[in-house]
Amino acid sequence: MATDMTAAIKEDYGTVKRFCKLHDINYKTYNVVCSGYASSKKIVDALLKGGYIKSADELKKKSA
């Protein structure tokens, strides 16, 4: 999932860092949230608004 989202962001913005800069998001925090280890309303809202995810649950780490 994260690779599909990252590919879509790269297609739209060129790089993930540019996406983060334009949305005033810390790049390292973005990586942690997308890995599923944390949550951030600001990041989730930016991804939802851009259509990269359908719900915040997609970013949660799957438990074994």
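**Exercise 1.** Decide whether Y13 is buried, exposed or partly exposed.

*Solution.* Start with the relative accessibility of Y13, which is 22%. Buried means under 20% relative accessible area, exposed over 50%, and partly exposed lies in between (1.4 Å probe, protein chains only). Y13 therefore counts as partly exposed.

Before you go on, here is what you are working with. This is a predicted model, in which local features need pLDDT of at least 70 and side-chain atom pairs count only at pLDDT 80 or more, while totals for chains, interfaces and linings use all residues. Residues are numbered from 1 along each chain as its sequence is written, and side-chain values use heavy atoms, with hydrogens and water left out.

**Exercise 2.** Trace the aromatic pairs that involve F19.

*Solution.* Step one is the count: the structure holds three aromatic pairs. For the terms, rings of Phe, Tyr and Trp (its six-membered ring) pair if their centres lie within 6.5 Å; planes under 30 degrees apart are stacked, over 60 edge-to-face, and the rest tilted.

Step two looks at F19, which is buried because its relative accessible area is 0%. F19 also pairs with Y52, again edge-to-face, at 5.9 Å centre to centre and 85 degrees between the planes. This pair links distant parts of the chain: F19 sits in helix α2 (residues 16–22), Y52 in the segment after α4 (41–50), and 33 residues separate them. Y52 has a relative accessible area of 10%, so Y52 is buried.

Step three puts the rings together: ring pairs join Y13, F19, Y30 and Y52 into a cluster.

**Exercise 3.** Work out how many helices and strands the protein has, and what pattern they follow.

*Solution.* Count four helices and zero strands. Helices (H or I, at least four residues) and strands (E, at least two) are DSSP runs, numbered from the N terminus. Reading along the sequence then gives α-α-α-α.

**Exercise 4.** Compare the radius of gyration of the protein with that of a compact globule.

*Solution.* The radius is taken over C-alpha atoms, and the globule rule is 2.2 Å times the number of residues to the power 0.38. With 64 residues, the rule gives a value near 11 Å; the protein has 11 Å, which agrees. As for its extent, the C-alpha trace spans about 35 × 20 × 15 Å along the principal axes. Buried residues make up 28% of the 64 residues.
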